Amino acid sequence: MSVLVYINTLNGKIAKNAMEAVQYGSKIGATTVVTNGAIGESELATLGNAGASKVLVNRVLTSNDPAQTTRLIKAAAESVSANTIVFSQDITGKAVAPRVSAALKAGLASGAIALPDADGTVKVNVFSGKAFGKVKINSAIKVIALTPNSVGVEEESGVASVEEFSADLGNASYTVKEVKKQEGDILLPEAELVVSAGRGLKGPENWGIVEDLAESLGAATACSRPVADIGWRPHHEHVGQTGVAIRPNLYIAAGISGAIQHLAGVNGSKVIVVINTDPEAPFFKAADYGIVGDAFEVLPKLTAEIQKLKAQN
Amino acid sequence: MKLLVCISKAPDTTSKIEFTDNDTKFNESGVQYIVNPYDEWYALVRALELKEQNGGSVTTITVGTATDDSIIRKALAIGADNAVRIDSEAGDAYYTAFQIAEYAKSNGFDIVITGKETINYNGSQVGGMIAELLDQPFISLATNLEMDGTTATINIEMVGGVEVVELDTPFVVSAAKGMAEQRIPNMRGIMAARTKPLEVLPAAPCDALVSFEAYELPPAKSDCKYVDPENMAELVDLLHNEAKVI
Ligand SMILES: Cc1cc2nc3c(=O)[nH]c(=O)nc-3n(C[C@H](O)[C@H](O)[C@H](O)COP(=O)(O)OP(=O)(O)OC[C@H]3O[C@@H](n4cnc5c(N)ncnc54)[C@H](O)[C@@H]3O)c2cc1C
């Protein structure tokens, strides 16, 4: 088995979901990583810790252009005779994996949450996390896009060989006019800890207590749909069936009722804590730990206790 | 400006998700189908706004059977000019993309717009595949799209931010939240939709690349453990020592 894993390293680091994809690939077969950007050779060699044996790096492609990235991956897949190509199902994976699939006529299982079964089927998220499907890929080359945070990374020690890799990239699809960086450095789709709040917070001016808790934990912040719709919080924080689907280790929801469309995007979380004044709120049925109480009182108390715990460790 | 909007059906967001035939089929009994929210709220509405600003036409395309006609009429009621249905049971994403690309090739569109993903398969696959099959640029997860003549300026969701890009038509774009606001069809729209053209075309031969063999539901949650709101030390202890997530 020859496995090719594409990772996006354009922002200068190797993200956790990239490590996950590499390790996932290495459990299927001998893994080569293909990437582009400016990360140094010694750092790329650390991908060996996630099981990669070789890294192909292209220094020419410095944008996220899906058509050019597809050509790069196609050339790399040919050079290592890959029979499985793995992506992380992140923003780049969503843009590029389908193009690669169509270019190679290779079936794509997107949203994978586990390694392929003995019969080759891949378990994926469907119905916005309300169910799982078993996908059989009928083509010789298989493409798998892995949901971030669904498999852990156990670091081994290994060193990957790093080679410069050139490919005919063709024309750029567009010119990049501007890049606006998002504030805060914990990205919601790949966050392990998430603090989320809903309409129960009453107004955007009250989000300080949510942000304080998130900061004490090192968590990302999220919100329910109406909160993003009325503009209390940015759209990229909206989680649920029509927002971002997440699978953190811990999801803390304050002042969110737990409507079915909200649950769809968050019920893959390992542990759910619900804080709500209404003991009948539907969210308690999906919770591991419940606090029937006022978020305005509970959140600051929780933050203080987290700070105590952090001070001890 | 000729715009093609890809419309898929999806089960209503409150549908009970169950499976039949040994967990190989989605149980459709009692399920109401709606236009997939991303297709309706963002892709279709932005296409209508672009037509209103620049002239042109908005065609919708759906790969599906006659049972899809009601959701297609809904898209027409919201304001699309005409609709095309490729008459076929839905195959996989590649099959769907192939049908749409074949139609787009022979009819020439400036922009093909899809929703970010469907809420039942969540694949985010069809748009990128259409672009590859048409050999056109693909803009994935656009949150804003402005046209000036044949030049588009588009905001793209990126890892850790937003990228603003510029390109000329033709291209394929998938629409995410932010592109437009939901429109509720009015009575006049609903009446007009009844007589708008809905062309039914045969599918082109194409083999699906993947198949769904079976489905399963997540394991039931164990009971919720309640913690006294005055005792957050206990919650922190449970999260630290029992759940081991912090
Ligand atoms: C097609 C469709 C798609 C949708 N997609 C999504 C989606 O992706 N994501 C999503 O979130 N929603 C989605 N929705 C909306 C969803 O149905 C709910 O309306 C929404 O999730 C409710 O948001 P909320 O819980 O913040 O607000 P509410 O339902 O208003 O709930 C507020 C909660 O706060 C509690 N509360 C009030 N004061 C306090 C306090 N001081 N302390 C603690 N608790 C308090 C209340 O008891 C209540 O439970 C969708 C709806 C439709 C129709």
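**Helix packing, ligand site and backbone**

Author: In chain B, helix H3 (residues 93-107) and helix H4 (residues 126-134) have axes that come within 8 Å and cross at roughly 45 degrees. That makes H3(B) oblique to H4(B); angles under 35 degrees count as roughly parallel, over 145 as roughly antiparallel, 65 to 115 as roughly perpendicular and the rest as oblique. This is a predicted model, where local features need pLDDT of at least 70, side-chain atom pairs count only at pLDDT 80 or more, and totals for chains, interfaces and linings use all residues. Residues are numbered from 1 along each chain as its sequence is written, chains are lettered from A and ligands numbered from 1 in the order in which they are written, and side-chain values use heavy atoms, with hydrogens and water left out.

Reader: How are axes and helices defined here?

Author: Axes are lines fitted to C-alpha atoms, for helices over the stretch in contact, and angles run from 0 to 180 degrees between N-to-C directions. Helices (H or I, at least four residues) and strands (E, at least two) are DSSP runs, numbered from the N terminus.

Reader: Which residues of H3(B) and H4(B) meet?

Author: On the H3(B) side they include Tyr94(B), Phe98(B), Ile100(B) and Lys105(B), and the H4(B) side includes Met129(B), Ile130(B) and Leu133(B). Contact means heavy atoms within 4.5 Å. By class, this contact of H3(B) with H4(B) has 12 nonpolar, one polar and one charged residues. Ala, Val, Leu, Ile, Met, Phe, Trp, Tyr, Cys and Pro count as nonpolar, Asp, Glu, Lys and Arg as charged, and the others, Gly among them, as polar.

Reader: What about H4(A) and H4(B), at what angle do they cross?

Author: The axes of helix H4 (residues 91-104) of chain A and H4(B) cross at roughly 45 degrees and come within 7 Å. That makes H4(A) oblique to H4(B). Pro98(A), Arg99(A), Ser101(A), Ala102(A) and Ala103(A) meet Gly128(B), Met129(B), Ala131(B), Glu132(B) and Leu133(B). By class, the contact of H4(A) with H4(B) has six nonpolar, two polar and two charged residues.

Reader: Why is the site called shared?

Author: Residues from chains A and B surround the ligand, so the site is shared between chains.

Reader: Which polar side chains reach ligand oxygens, and at what distance?

Author: A polar side-chain atom of His238(A) lies 2.9 Å from a ligand oxygen atom. An N or O atom in the side chain of His262(A) is 2.7 Å from an oxygen atom of the ligand. From the backbone, an N or O atom of Gln241(A) lies 3.0 Å from a ligand oxygen atom.

Reader: Now the backbone. Which peptide bond is cis?

Author: The one from Thr169(B) to Pro170(B), with omega near 0 degrees. Pro170(B) is in the loop between strand E11 (161-168) and strand E12 (171-175) of chain B. Most residues other than glycine have a negative phi, and most peptide bonds are trans.

Reader: And where does Asn149(A) lie?

Author: Asn149(A) is in the loop between strand E8 (142-146) and strand E9 (161-164) of chain A. Phi of Asn149(A) is near 70 degrees, a positive value in a residue other than glycine.

Conventions. A residue is near a molecule or strand if one of its heavy atoms lies within 4 Å of it. A polar contact is a pair of N or O atoms within 3.5 Å; within protein, one must be able to donate a hydrogen and the other to accept it, and residues adjacent in sequence count only if both atoms are side-chain atoms.
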